Amino acid sequence: DHVHSFVAYFECAFTRVHKPLGFSTSPFSKYTHWKQTIFYLNDPISMCEGEEITGTIKCTPNYGNKRDLDIALNISFDGTH
């Protein structure tokens, strides 16, 4: 199989209130206006069953616009291809 992108979403829970509530932006959850974010890879990753992709995601505030985030993905894959 080939990995062309990663999808990110978030879940939020407000549990320390009188009536706990929360929501998710997962593609499997009820629609919200926040939706999901897709990160396309410059080069697809070819992988086989049982192999793993590991990595980190780093979000930092954008200095030019406080409402924006700068996002960096650090991906590691040591597969047979």
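Biologist: How do the residues lining the largest pocket divide into nonpolar, polar and charged?

Modeller: Start with how pockets are found. Rolling a probe the size of a water molecule over the atoms shows where empty space is left. This model is predicted. Here the lining of the largest pocket has nine nonpolar, three polar and three charged residues.

Biologist: What is the volume of the largest pocket, and which residues lie nearest its centre?

Modeller: The volume is about 340 Å³. Of the 15 lining residues, Phe 10, Trp 34, Thr 37, Leu 69 and Ile 71 lie nearest the centre. Look at the strands too. At least two lining residues come from each of β4 (37-46), β5 (53-61) and β6 (69-77).

Biologist: Now the second largest pocket. How much space lies in it, and which residues line it?

Modeller: About 150 Å³. Its lining includes Phe 6, Val 7 and Ala 8, along with Phe 39 and the run Ile 53, Thr 54, Gly 55, Thr 56 and Ile 57. Leu 73, Asn 74 and Ile 75 also line this pocket. Two or more residues come from each of β1 (2-8), β5 and β6.

Biologist: Which element gives the most to that lining?

Modeller: β5, with five residues. By class, the second largest pocket has eight nonpolar and four polar lining residues, and no charged ones.

Biologist: Next, strand pairing. Do β2 and β3 run parallel or antiparallel?

Modeller: Antiparallel. Four bridges join β2 (residues 11-14) to β3 (residues 21-24). For a landmark, find Phe 14, which stands opposite Leu 21 in β3.

Biologist: How many residues lie between the two strands of that hairpin?

Modeller: Six residues separate β2 from β3 in the hairpin.

Methods:
Residues are numbered from 1 along each chain as its sequence is written. This is a predicted model: local features need pLDDT of at least 70, side-chain atom pairs count only at pLDDT 80 or more; totals for chains, interfaces and linings use all residues. Side-chain values use heavy atoms; hydrogens and water are left out. Two strands pair if DSSP finds at least two bridges between them. On a 1 Å grid over the protein atoms alone, a cavity is a set of points where a 1.4 Å probe fits but cannot get out, and a pocket is an open set with protein on both sides within 12 Å along at least five of seven lines; lining residues have an atom within 4 Å of a point. Grid points are joined across faces, edges and corners, and a volume is the space filled by probe spheres set on the points. Ala, Val, Leu, Ile, Met, Phe, Trp, Tyr, Cys and Pro count as nonpolar, Asp, Glu, Lys and Arg as charged, and the others, Gly among them, as polar.
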